[in-house]
Amino acid sequence: MEALKERIRREGRVLPGNIIKVDGFLNHRVDTAFMEELADEFARYFDVSKITMVLTAEASGIALATICANKYGVPMVFAKKAKSDNIEGGLYQSEIFSYTYKKKVTLLVSKEWLSSDDKVLIIDDFMANGEAMRGLCDIVTAAGATLLGIGCAVEKGFQGGGDRLRAAGVNLKSLAIIESAEPGNIVFRDDD
């Protein structure tokens, strides 16, 4: 998506450790009108008339997932990273390694909100190693639900997470795939 690439070129910053900072419009300060454009782009790729839910992981993907779910007329569920006292009944869970926080975390979804009848579209703002996406896929599988695909706004292609998911047969659409990133020079993959 050229508009997203241009926004990353204009506003994104590359920090030490291969961190690509796009928090001015995507995942801290959120440009909601632009998020609607991203939701429209996902709807051109996925048949959103078939989904029953949008699923994401806590926390930065929640804004984009909520806007997508609203546009598609379905609920949004997010996997929590900590069990709270208000979750009743059983849980689906998957342990992942968080690239952002450099530690293992457990993604949790209440069995009350995900069932074998669901047709799920996973939406997230950013993918590095693909661990959060893998964990969400594991949760969908554990529930016996159907995964219709994964929509990701920005993928760090040089870290291989998206390529591993695609090789495993997952229908993954990333709107911008970054092949390399150095301060002042972000290079995008052409085939996205």
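**Helix packing and cores**

Modeller: The crossing of helix 3 and helix 4 is right-handed. Bear in mind that this is a predicted model.

Biologist: Thanks! At what angle do helix 3 and helix 4 pack?
Modeller: The angle is about 60°, and the axes of helix 3 and helix 4 are 9 Å apart. Angles of 65 to 115 degrees would count as roughly perpendicular, so helix 3 and helix 4 are oblique to each other.

Biologist: Which residues make the contact?
Modeller: Helix 3 brings Thr32, Met35, Glu36, Leu38, Ala39, Asp40, Phe42 and Ala43. From helix 4 come Leu64, Ile67, Cys68, Lys71 and Tyr72.

Biologist: And how does that contact split by class?
Modeller: There are nine nonpolar, one polar and three charged residues in the contact of helix 3 with helix 4.

Biologist: New topic: in the largest nonpolar core, which residues touch the most other members?
Modeller: Leu4, Ile8, Leu26, Leu38 and Tyr72 do, in a core of 35 residues. Elements that give two or more residues to this core include helix 1 (2–11), helix 3 (32–45), helix 4 (62–72) and strand 8 (146–156).

Biologist: Which element gives the largest share?
Modeller: Helix 4, with six residues of this core.

Biologist: What is leucine 4 in contact with, leaving aside neighbours within four places in sequence?
Modeller: Leucine 4 is in contact with Phe25, Phe34, Leu38, Ala153, Val154, Leu175 and Ala176.

Conventions. Residues are numbered from 1 along each chain as its sequence is written. This is a predicted model: local features need pLDDT of at least 70, side-chain atom pairs count only at pLDDT 80 or more; totals for chains, interfaces and linings use all residues. Side-chain values use heavy atoms; hydrogens and water are left out. A nonpolar core is a set of buried Ala, Val, Leu, Ile, Met, Phe, Trp, Tyr and Cys residues joined through side-chain atoms within 4.5 Å. Buried means under 20% relative accessible area, exposed over 50%, partly exposed in between (1.4 Å probe, protein chains only). Helices (H or I, at least four residues) and strands (E, at least two) are DSSP runs, numbered from the N terminus. Contact means heavy atoms within 4.5 Å. Axes are lines fitted to C-alpha atoms, for helices over the stretch in contact, and angles run from 0 to 180 degrees between N-to-C directions. Angles under 35 degrees count as roughly parallel, over 145 as roughly antiparallel, 65 to 115 as roughly perpendicular and the rest as oblique. A crossing is left-handed if the near helix is turned anticlockwise from the far one by less than a right angle, and right-handed if clockwise. Ala, Val, Leu, Ile, Met, Phe, Trp, Tyr, Cys and Pro count as nonpolar, Asp, Glu, Lys and Arg as charged, and the others, Gly among them, as polar.
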